[in-house]
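Look over the sequence and the 3D view before reading on.

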Number of protein chains: 2
Amino acid sequence: MKLQLQIKMNEALYLKNPESSDLGKNILKHSVQLIYKAGFEAFTFKKLAENIGTTEAGIYRYFENKHKLLVYLTAWYWGWLEFQISFQTNNIADPAIRLKKVINLLATAVEDDEQTSYINESLLHQIIITEGSKAYLTKQVGEDNKQQFFKPYKDLCAVVSVIISECSPEYKYPKSLASTIIEMAHFQNFFMNNLPSLTDFGVAKEESEISAFLNDLVFTSLGKG
Amino acid sequence: MKLQLQIKMNEALYLKNPESSDLGKNILKHSVQLIYKAGFEAFTFKKLAENIGTTEAGIYRYFENKHKLLVYLTAWYWGWLEFQISFQTNNIADPAIRLKKVINLLATAVEDDEQTSYINESLLHQIIITEGSKAYLTKQVGEDNKQQFFKPYKDLCAVVSVIISECSPEYKYPKSLASTIIEMAHFQNFFMNNLPSLTDFGVAKEESEISAFLNDLVFTSLGKG
DNA sequence: TATTTTTGATAGTAATACTACCATACAGAA
DNA sequence: TTCTGTATGGTAGTATTACTATCAAAAATA
């Protein structure tokens, strides 16, 4: 039996559900590839349409604009990651071990997940590192947040902060530490590859070093260093 | 005697030095105001020109495009901040006290500095929080970095990492901890005001809490908690 | 077969991101 | 005083972007 992982997406993110048709799935697939290759600024619906072999108007039937599409992709990613985390930390009793596992999942490149054929998780991970924060670093954060566009991100952060509190109930900043871990897992990766003097990983450029740094940061903060 | 603080800017950032003429200074002044009000995405040279009372072509004589202008403003900000830090931590012998001072400067809103009449540092600080990372989260990071556009940011990071190492010479991740502090001083501020559930400061919304969090994070990591 | 959904194709508009060119005003040097 | 360079103003024009609207054909479904 083949299981199909379906991530429930916020309906306000799209005009027509891209998972409901071939063209929609193609839009997701090719937008990941194109944003990865060209970067979000240079990415346009026209180029995407040419890539797919359809027309601009076709894309606009699914997404209002490229910002919504980016928010969709990030929401999908965080939803997918939360599933990975809950799956891979299932049945682990010790919260410290769970937390270590979470840090590894955040900081380590993901392999493409065969379960979702139309999204390449490995490329999407790279996109989130470079473009992810642009989803909320805008003037419309407030409205976007009201429409719950960032719920998957906030949910993931809440999951991590709960584990932190389980590790150390008296720690005063579980949520801020959780968002710090999540953001830094990505930023340190970006810095390592693009502005290496901002990190201590410029020589080896290994993701395992980012994990080690974050583990050190977290567990000394929680008094379990 | 009135001292004029002049920050030496990378010449590749502009076509004509904006500090060398009235129009140039007006471009800096109004671009800070306009980006603050409209956000970087909605900011255009046309609107800026209308704001100043000049023409689009006039702006293009100074800056190649709005990305370069953003990089200019961020570089200016980091240069200015490094000066503030070196000035305000001057003659403080204890590196731990210096580090606390640095964290406060990073996390606390700045007052407008009268010394530089054409740039409102307080608004610029808000811009850097929301738009600052867009200066390097692009496909051209590599080339921009080769041209030394991010030198002020990297210099600041180096200054902070040196203080960290003075506090605790055996600590293994001084650079990554430095970039973490700098980024998180801004991100936690943004989250506090826009996505408060990602932080522990949603109720009081005080910048002093961000300082407290960062101090706790840093000094426990350095074994001085 | 009838009907709804999906897609393809074309056209058009307003705004954005520039480049080019010419005229003028003014400051300092010869 | 004239010459020269610098700073600015104004106008035009182009390619691309970001959309909206409309119509017809094809495909899926009832």
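B:Phe187 and B:Phe191 are both buried. They sit four residues apart in helix H9 of chain B, about one turn of the helix. Keep in mind that this is a predicted model.

**Aromatic pairs**
- The ring centres of B:Phe187 and B:Phe191 lie 5.9 Å apart, with planes at 70 degrees; an angle over 60 counts as edge-to-face, so this pair is edge-to-face.
- B:Phe191 also pairs with A:Tyr136, and this pair crosses between chains.
- A:Tyr136 lies in the loop between helix H6 (121-131) and helix H7 (141-146) of chain A, while B:Phe191 belongs to helix H9 (residues 174-194) of chain B.
- Here the centres are 5.6 Å apart and the planes stand at 55 degrees, so the pair is tilted.
- A:Tyr136 and B:Phe191 are both buried.
- Over all chains, the count of aromatic pairs comes to 41.

**Fold of chain A**
- Chain A has ten helices and zero strands.
- Along the principal axes, its C-alpha atoms fill a box of roughly 55 × 40 × 40 Å.
- Among contacts with a separation of 6 or more in chain A, 66% join residues 24 or more positions apart.

**Burial, surface and charge of chain A**
- Of the 225 residues in chain A, 55% are buried.
- Chain A exposes about 9700 Å², and carbon and sulfur atoms supply 50% of that area.
- Chain A carries 23 positive and 26 negative charges, and their mean positions are 5 Å apart.

Key. Residues are numbered from 1 along each chain as its sequence is written. Chains are lettered from A and ligands numbered from 1 in the order in which they are written. This is a predicted model: local features need pLDDT of at least 70, side-chain atom pairs count only at pLDDT 80 or more; totals for chains, interfaces and linings use all residues. Side-chain values use heavy atoms; hydrogens and water are left out. Helices (H or I, at least four residues) and strands (E, at least two) are DSSP runs, numbered from the N terminus. Buried means under 20% relative accessible area, exposed over 50%, partly exposed in between (1.4 Å probe, protein chains only). Contact means heavy atoms within 4.5 Å. Accessible areas come from the Shrake-Rupley method with a 1.4 Å probe; for residues, only the protein chains shown count as cover. Lys and Arg count as positive and Asp and Glu as negative; His and the chain ends are not counted. The place of a charge is taken as NZ of Lys, CZ of Arg, CG of Asp or CD of Glu. Rings of Phe, Tyr and Trp (its six-membered ring) pair if their centres lie within 6.5 Å; planes under 30 degrees apart count as stacked, over 60 as edge-to-face and the rest as tilted.
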